[in-house]
Amino acid sequence: GTRRLYSIDPSGLRAATAWLAGLADPLEPFAQPLDALATEVARGRRARRAGAAGELSPPAAGEVGRPA
């Protein structure tokens, strides 16, 4: 016959949806490392301000025993 029946494979549709979602935010895999970098930059700025003012700031979490 002249009639053809088609169906969509759900696993292929899921793979295509996941691929398209990755295109929506291509920098998403770098979000956490960039957040960590921003935290370290802010910590360094605080330390420089405290050092310039002659004050000692308490160590941040995880910094106990680390040299300044």
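Analyst: A salt bridge is a side-chain nitrogen of Lys or Arg within 4 Å of a carboxyl oxygen of Asp or Glu. This is a predicted model, in which local features need pLDDT of at least 70, side-chain atom pairs count only at pLDDT 80 or more, and totals for chains, interfaces and linings use all residues. Residues are numbered from 1 along each chain as its sequence is written, and side-chain values use heavy atoms, with hydrogens and water left out.

User: Which side chain meets that of Arg43 in a salt bridge?

Analyst: Side chains of opposite charge can pair when their charged atoms come close. The structure holds one salt bridge. With an N to O distance of 2.7 Å, the partner of Arg43 is Glu40.

User: Is Glu40 buried, partly exposed or exposed?

Analyst: Buried means under 20% relative accessible area, exposed over 50%, and partly exposed in between (1.4 Å probe, protein chains only). Glu40 has 43% relative accessibility, so this residue counts as partly exposed.

User: What share of the residues in the protein is buried?

Analyst: The protein exposes about 6,500 Å² (Shrake-Rupley method, 1.4 Å probe). Carbon and sulfur atoms supply 61% of that area. Of the 68 residues, the buried share is 3%.
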